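Hi there,

Here is the structure I promised to send you. Have a look at it first, then read on for what turned up.

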Amino acid sequence: MLKLKYFTFSPFSENTYILYNEKECIIFDPGCYTQTERDQLVQFIDHKELTPIRLINTHCHIDHIFGNAFIYNTYGLLPEYHAGEQPVLEAAASVAMMYGIPDFQASPSAETFLTTESEIKLGDVELTILFTPGHSPASLSFYAPNYQFIIGGDVLFQQSIGRTDLPGGNYDTLMQSIMTEFMSLPDPTIVYSGHGQPTTIGSERNHNPFIKEYTSKTN
């Protein structure tokens, strides 16, 4: 049985996800910044007696990689992300200085990069990788069709969308990602976003003002 746990970490209120079964887990977007937050993540993994097997970043904005170095030092896992996010990861230390964030631990780089053809498996469950740029240059989303949920990073939020005013962001690209990749999913699909509460594809199709506006302009 596949289960999902999320924590909201750091002053950016970023959602960190642990996807797990009876034995193993995959950590998505570790945003743990303080020692208390790091302890909280480890305590959950220890309590469930899980072995972390992969560290995956939907994208590499600073709030989604705060804990990459900690996860690497604790579990020996290098991050995995799309090659197009490498410049974003490399700029993180400068971004930390710009925001006045002290004691930023730079993330190690990936050994191999993810593509939409990469295999992400946890036990007998395989996730479909979707290329969903626009908020960042090469964001990826991870869809579990049999469990009807998607881990979507900062692409789509409850009645909102990811911001596009950061380097590498583009509104039209983001909306194309949402309309092509997210809105093609079944309405009951739960969207686990990088910030805020979960939502569903159906709810956003019917109530998201950005989708409604974009649809009216393109029809």
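What is the strand order in the open sheet of six strands? Going across, the order is β6-β7-β8-β9-β12-β13, and the pairing is mixed. Keep in mind as you browse that this is a predicted model. At the edges of the sheet sit β6 and β13 (199-200), each of which pairs on one side only.

Helix α6 lies across β7, β8, β9 (149-153) and β12 (190-193), and its direction is at about 145° to β7.

α6 has a helix partner too. Two packed helices are described by the angle between their axes and the distance between the axes. Here, the axes of α6 (residues 171-182) and α8 (residues 209-218) come within 11 Å and cross at roughly 95°, which makes α6 roughly perpendicular to α8. On the α6 side, the contact is made by Y171, M175, Q176, I178 and M179, while α8 brings in F210, I211, Y214 and T215. Sorted by type, the residues of this contact are seven nonpolar, two polar and no charged.

There is another sheet to find. This open sheet has five strands in the order β1-β2-β3-β4-β5, again with mixed pairing. Its edge strands are β1 (3-9) and β5 (79-80), each pairing on one side only. Inside it, β3 (residues 24-28) and β4 (residues 51-56) run parallel and are joined by five bridges. Click on I27 and you will see it opposite L55 in β4. Helix α1 (residues 35-47) lies across β1, β2 (14-20), β3 and β4, running at about 165° to β1.

Where does S107 lie? It is in the loop between α5 (92-99) and β6 (120-122). And is S107 buried or exposed? Its relative accessibility is 12%, so S107 counts as buried, the cut-off for that being under 20%. The S107 side chain makes a polar contact with the side chain of N68, at 3.0 Å. Leaving aside neighbours within four places in sequence, S107 is in contact with I65, N68, P79 and L89.

Notes
Residues numbered from 1 in each chain as written. Predicted model: local features only at pLDDT ≥ 70, side-chain atom pairs only at ≥ 80, totals over all residues. Heavy atoms only, no water. Helix = DSSP H or I, 4+ residues; strand = E, 2+ residues; numbered from the N terminus. Buried < 20%, exposed > 50% of the residue type's maximum accessible area, 1.4 Å probe, protein only. Polar contact = N/O pair within 3.5 Å; in protein donor to acceptor, adjacent residues only side chain to side chain. Contact = heavy atoms within 4.5 Å. Axes fitted to C-alpha atoms, helices over the stretch in contact; angles between N-to-C directions. Parallel < 35°, antiparallel > 145°, perpendicular 65-115°, else oblique. Nonpolar A, V, L, I, M, F, W, Y, C, P; charged D, E, K, R; others polar. Pairing = 2+ DSSP bridges.
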